[in-house]
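Please keep the sequence and the coordinates open while reading.

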Amino acid sequence: HKYGVNSVAFSPDGKVLASGSFDETVKLWDIKTGAELRTLRGHRYGVNSVAFSPDGKTLASAGLDKTVKLWDIKTGKELRTLKGHTAFSVAFSPDGRILASGSNDRTVKLWGTATGKELRTLKGHTHTVLSVAFSPDGKILASGSWDNTVKLWDIKTGKELRTLRGHRDDVNSVAFSPDGKILASGSWDKTVKLWDIKTGKELRTLRGHT
């Protein structure tokens, strides 16, 4: 890469690594040999986020050019472009049918991966959404924002289930535990918080980063 790398993701089988960069490209790497397999070109500005579909056949990339692109991993061809969202984070649902993107327009958009159509826009955050993550069962989406909050959304209805408050600064990253019971959130307030998904209660604050 010619400029900074913003995002990396392993393929589900662990054989390929994807990297998205400010140099406007996505690169695919062979994990075993370290060789570059392919460079995916098409974004006009930097690539903020990359994510593999659960079956490993498709890669999503989010760019500063207000597009999210879906790529065929086997051929390197661009399958489709989802327009209108400057996404900072993308995530596939566990069944691969939905792609979520979080943007600086303060929204999260849900897209149908088969059609490329926008299914729903989730509104409620008051600042940039920097991270999105699906629960393992695919029923809930978590979004972390620069408004210092984490929101939980019902995928089926698009309704906001709850807002997790406690961070004193931007929330940059969110991740579900494998059993879907706990959510971790990382913030510019130098802490990581663990939340109970069912109740919304803060379980613990991890301190130590400076």
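Predicted model: local features only at pLDDT ≥ 70, side-chain atom pairs only at ≥ 80, totals over all residues.

The protein chain is built with 20 strands and zero helices. Its radius of gyration is 17 Å, close to the 17 Å that the globule rule gives for 210 residues, so the chain is as compact as a globular protein of that length.

**Overall dimensions and burial**

- Taken along its principal axes, the C-alpha trace of the protein chain spans about 45 × 40 × 30 Å.
- Of the 210 residues in the protein chain, 50% are buried.

**The open sheet of β5 to β8**

- Four strands, in the order β5-β6-β7-β8, make up an open sheet in which the pairing is antiparallel.
- The edge positions of this sheet belong to β5 (47-52) and β8 (78-83), and because each of these has a single partner strand, one side of each is left without a neighbour in the sheet.
- On average, and with direction ignored, neighbouring strands of this sheet are turned by 20° against each other.
- Within the sheet, strand β6 (residues 58-63) runs antiparallel to strand β7 (residues 67-72), and five bridges join the two.
- In this pairing, the residue that T58 stands opposite is D72 in β7.

- One antiparallel partner of β15 is strand β14 (residues 140-145), with five bridges between them, and here S143 stands opposite K151 in β15.
- The hairpin of β14 and β15 has four residues between the strands, and in this hairpin N148 takes a positive phi near 75°.
- Strand β16 (residues 160-164) also pairs with β15 in the antiparallel sense, over four bridges, and in this pairing V150 stands opposite L164 in β16.
- The hairpin formed by β15 and β16 has five residues between the strands, and G158 in its turn has a positive phi of about 80°.

**The largest pocket**

- The volume of the largest pocket is about 270 Å³.
- Its lining consists of 15 residues, and those that lie nearest the centre of the pocket are A91, F92, V132, A133 and F134.
- Strand β9 gives the largest share of the lining, namely four residues.
- Sorted by class, the lining of the largest pocket holds twelve nonpolar and three polar residues, while charged residues are absent from it.

**A residue of β9 in context**

- S89 has its place in strand β9, the strand that contributes the largest share of the pocket lining.
- Is S89 buried or exposed? S89 is buried, because its relative accessible area is 7%, and the cut-off for a buried residue is under 20%.
- Between the C-alpha atoms of S89 and L164 the separation is 19 Å, and these two residues are 75 residues apart along the chain.

Terms used: Residues numbered from 1 in each chain as written. Heavy atoms only, no water. Pairing = 2+ DSSP bridges. Axes fitted to C-alpha atoms, helices over the stretch in contact; angles between N-to-C directions. 1 Å grid on protein atoms, 1.4 Å probe; cavity = no way out; pocket = protein on both sides within 12 Å on 5 of 7 lines; lining within 4 Å. Points joined across faces, edges and corners; volume = space filled by probe spheres on them. Nonpolar A, V, L, I, M, F, W, Y, C, P; charged D, E, K, R; others polar. Rg over C-alpha atoms; globule rule 2.2 N^0.38 Å. Buried < 20%, exposed > 50% of the residue type's maximum accessible area, 1.4 Å probe, protein only.
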